[in-house]
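User: Please take a close look at one helix in this protein and at what surrounds it. I would like a connected account that then sets the helix against the rest of the fold.

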Amino acid sequence: YTWRVWAIYMVFAANLSKQQALKQACPSCDAAQLCNCSSMGLDFIPSGLTAKITVLNLAHNRIKHIQSQDLQQAVNLRALLLQSNKISSIDEDSFQSLAKLELLDLSNNSLAHLSPVWFQHLFSLQHLRLQGNFYRDLGESSPFSSLRNLSSLCLGNPRFSVIRQGNFEGIELLNKLWIDGRNLSQYEQGSLKLIKKINHMIINLSNSNVFSEIVRDLLHSVTWLEVREIKLAVETKSMVQNSIRPFRIQKLTFKDAFFTDQSVSRMIVLLKEITSLQELEAIDCVLQGKGLWDTEEIISSGQSFVKTISVINIMIQKFHLFFDLNGMESQINNLERLTIASSKVFMVPCKLAKHFSSLLYLDFNDNLLVNNRLNETICQGAWPSLQTLNLSQNSLKSLKDTAKCISRLSKLNNLDISQNNFGEIPDMCDWPKYLKYLNLSGTQIPKVTTCIPMTLEVLDVSANNLKEFGLQLPFLKELYLTKNQLKTLPGAAPIPNLVAMSVRRNKLNSFSKEEFEGAQVGAVHLSLMECHRSLVVSLICILVFLVILILVAVGYKYHAVWYLRMTWAWLQAKRKPKRAPPKDICYDAFVSYSENDSNWVENIMVQELEQACPPFRLCLHKRDFVPGKWIVDNIIDSIEKSHKTLFVLSEHFVQSEWCKYELDFSHFRLFDENNDAVILVLLEPIQSKAIPKRFCKLRKIMNTKTYLEWPIGEDQQQIFWENLKGALKS
């Protein structure tokens with residue numbers, strides 16, 4: 001029985017020791033089984049990891065090697081974050097016990113190769129991040145063959161150059177695949193065909209030939225392909241070749257890409273062969289050209305199946321010379337959604353606009369449209385099917401002229417003209433007769449008038465200068481009045497069908513009963529500040545006053561002002577020479593003592609020393625301090641003008657606040673310069689522990705240096721005086 005108890009005790013002690021070791025290396029391990037050990041300068045995985053831990057974050061450390069035993073006990077780990085370390089080697093069985101691991105991040109390390117053995121026991125792994133290492137390929141076979149539950153995979157780096165057949169064997173379905181292949185030069189055809197379905201694939205590429213080969217392999221597997229950093233060349237080969245329809249790819253995105261007029265023309269032709277492609281997107285791209293596209297080849301290649309085109313922040317170096325795409329009219333008939341945002345668009349020719357016969361959604365956000373060009377862009381007969389139009393963040397100045405142009409869009413029901421500087425609003429405006437949603441936020445209008453159409457169901461006039469709202473809008477369901485100058489709520493009767501209203505950040509102080517007549521308010525969400533502004537301001541003022549009061553009280557109790565002034569004086573003193581010139585030495589010693597010991601100091605010691613032959617010159621604060629001068633300056637000057645500093649230590653001395661202040665300064669200046677200038681006289685036996693802990697140098701001197709102790713017997717006092725005089729002369 002004794003041995004059993006002893007064994008249990010030893011196991012418990014070992015576990016406790018491990019936990020203490022882990023807590024010391026990583027103090028942020030909490031009771032929720034989360035260990036955040038990131039950015040702690042660790043060069044090893046801390047010991048003491050147990051089965052309780054489910055999330056371990058070791059990112060941004062200096063770990064170089066993962067050993068077999070490091071993670072052996074963390075059998076319930078779900079997430080292991082090791083990114084941004086210096087890991088260059090991993091023992092083959094390091095992850096063997098992590099059968100429940102779902103996320104493993106080894107990105108941005110120094111791995112020169114990937115071993116299939118690392119991952120063969122990670123049966124639950126769903127997310128694997130390996131990008132930003134040093135490996136040039138994935139090996140001869142697949143490192144991922146055992147990862148049957150993998151959902152997202154990130155790999156590649158600037159050195160990554162080869163993808164071989166079989167590298168992705170074992171992976172059938174991925175939600176996301178990201179390959180950093182900006183220097184990928186060799187791709188074996190069919191390598192990505194092994195993956196049956198990829199929802200979103202991102203690949204950084206610079207090699208245009210590799211791009212075409214990859215697209216051919218992905219036609220039947222990927223839904224959304226995003227290509228980054230590519231410099232698109234003029235492609236001659238077909239992207240589908242002899243591929244069997246139907247294809248899966250529906251969306252193609254180019255990000256940070258570079259195009260020329262020739263490569264754009266050829267790409268338009270080749271993409272028409274991908275009959276499943278419905279959406280094209282270009283983000284942060286550069287077009288070197290003027291729009292001189294080969295319209296004959298484009299037209300002869302037939303109709304495109306693309307329904308949605310988005311161009312966001314495209315850089316055309318000479319955009320003002322860009323052609324009007326004359327000859328492309330037949331290619332835009334089937335387009336349903338068009339976004340050209342942040343791209344310096346200032347006009348669309350009327351002839352071209354009339355051929356967008358199927359377009360339902362048009363977004364020209366953040367461009368250079370002005371009113372006189374808008375009249376050309378939305379001419380009579382243009383955009384005949386348009387239902388939603390976004391003209392926010394342009395340079396429109398006249399709301400009346402803007403409304404007049406937009407009134408030509410007979411089917412429009414959703415309009416956003418926010419963040420245009422209209423400034424004024426007329427009394428009457430022409431609008432499309434079916435308009436239901438209107439966004440006029442941030443347009444600097446000072447009021448609302450009957451220019452606002454009565455057909456609206458949603459109106460946003462936030463961030464304006466409105467002081468009241470009294471429009472008759474019988475069909476309105478949602479009203480947004482945030483960030484205005486309203487002092488009263490809109491009346492309920494003119495907007496009887498209102499369901500939701502936002503009135504945050506106005507100047508509302510009270511509500512009247514009449515303002516709530518009509519339909520019952522279903523849900524109102526107002527902040528505490530909006531409901532009780534005066535109360536909140538009062539509480540804040542009271543809290544600030546209490547904080548100031550507490551700070552003053554604490555400062556008074558602990559003499560904060562004194563210490564601040566003394567520190568300032570010390571800083572000034574530090575700039576002076578450490579020792580006064582001999583001609584400035586006025587005293588043999590500055591005497592620091594307690595008032596309770598003044599009888600011995602003034603009547604015995606002073607008499608003995610100042611009447612000696614030759615006499616000693618002593619500096620006493622009662623007698624020699626300059627009247628009217630700040631006490632700290634007196635102390636500083638007296639110490640600097642004295643050859644020695646003599647402390648008369650007693651129980652009274654260490655309990656005296658005044659003596660503590662003198663010790664404070666001595667601790668700052670005198671002890672830092674020369675310990676030999678200090679003479680300690682013990683008037684009565686005193687333990688060094690009785691001296692305040694912050695005066696560690698004084699305690700050390702008492703423990704390491706000889707001091708003079710005042711003897712009780714008269715026969716020994718003469719020896720005391722001789723020793724003291726000798727110390728003063730030294």
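This is a predicted model: local features need pLDDT of at least 70, side-chain atom pairs count only at pLDDT 80 or more; totals for chains, interfaces and linings use all residues.

Analyst: Helix α4 spans residues 261-271, and nine of its eleven residues are buried, so the helix is largely enclosed by the rest of the structure. The buried residues are Asp261, Ser263, Val264, Ser265, Arg266, Met267, Val269, Leu270 and Leu271. An α-helix has 3.6 residues a turn, so residues three or four places apart point the same way.

Between β17 and β19 the parallel pairing runs over two bridges, and leucine 287 stands opposite isoleucine 316 in β19.

Helix α14 (residues 631-640) lies across β28, β29 and β30, and runs at about 115° to β30. This helix is mostly covered, with eight of its ten residues buried, namely Val632, Asn634, Ile635, Ile636, Asp637, Ser638, Ile639 and Glu640. The strands that α14 lies across, β28, β29 and β30, are part of an open sheet of five strands with parallel pairing, in the order β29-β28-β30-β31-β32. At the edges stand β29 (618-619) and β32 (708-709), each with a single partner strand, so one side of each is left without a neighbour in the sheet. Within the sheet, strand β28 (residues 587-592) pairs with strand β30 (residues 642-649) in the parallel sense over five bridges, and the bridge partner of tyrosine 587 in β30 is serine 642.

Around these two helices, the whole protein has 18 helices and 32 strands. Buried residues make up 45% of its 730 residues, and of the contacts with a separation of 6 or more, 61% are between residues 24 or more positions apart. The protein exposes about 37,700 Å², of which carbon and sulfur atoms supply 54%.

The cysteines complete the picture, with a count of two disulfides. Cysteine 350 and cysteine 379 form one of them, with their sulfur atoms 1.9 Å apart; the torsion about this S-S bond is about 85°, so the disulfide is right-handed. This pair links distant parts of the chain, since cysteine 350 sits in helix α6 (residues 350-353) and cysteine 379 in the loop between α7 (371-377) and β22 (388-390), 29 residues apart. Both cysteine 350 and cysteine 379 are buried.

A disulfide is also formed by cysteine 429 and cysteine 451, whose sulfur atoms are 1.9 Å apart, and with -95° about the S-S bond this link is left-handed. Here too distant parts of the chain are linked, with cysteine 429 in the loop between β23 (414-416) and β24 (437-439), and cysteine 451 in the loop between β24 and β25 (458-460), 22 residues apart. Cysteine 429 is buried at a relative accessible area of 14%, and cysteine 451 counts as buried at 1% relative accessibility. Cysteine 154 likewise counts as buried, at 8% relative accessibility, whereas cysteine 613 is exposed, with a relative accessible area of 81%.

Methods: Residues are numbered from 1 along each chain as its sequence is written. Side-chain values use heavy atoms; hydrogens and water are left out. Two strands pair if DSSP finds at least two bridges between them. Helices (H or I, at least four residues) and strands (E, at least two) are DSSP runs, numbered from the N terminus. Contact means heavy atoms within 4.5 Å. Axes are lines fitted to C-alpha atoms, for helices over the stretch in contact, and angles run from 0 to 180 degrees between N-to-C directions. Buried means under 20% relative accessible area, exposed over 50%, partly exposed in between (1.4 Å probe, protein chains only). Accessible areas come from the Shrake-Rupley method with a 1.4 Å probe; for residues, only the protein chains shown count as cover. A disulfide is a pair of cysteine sulfur atoms within 2.5 Å.
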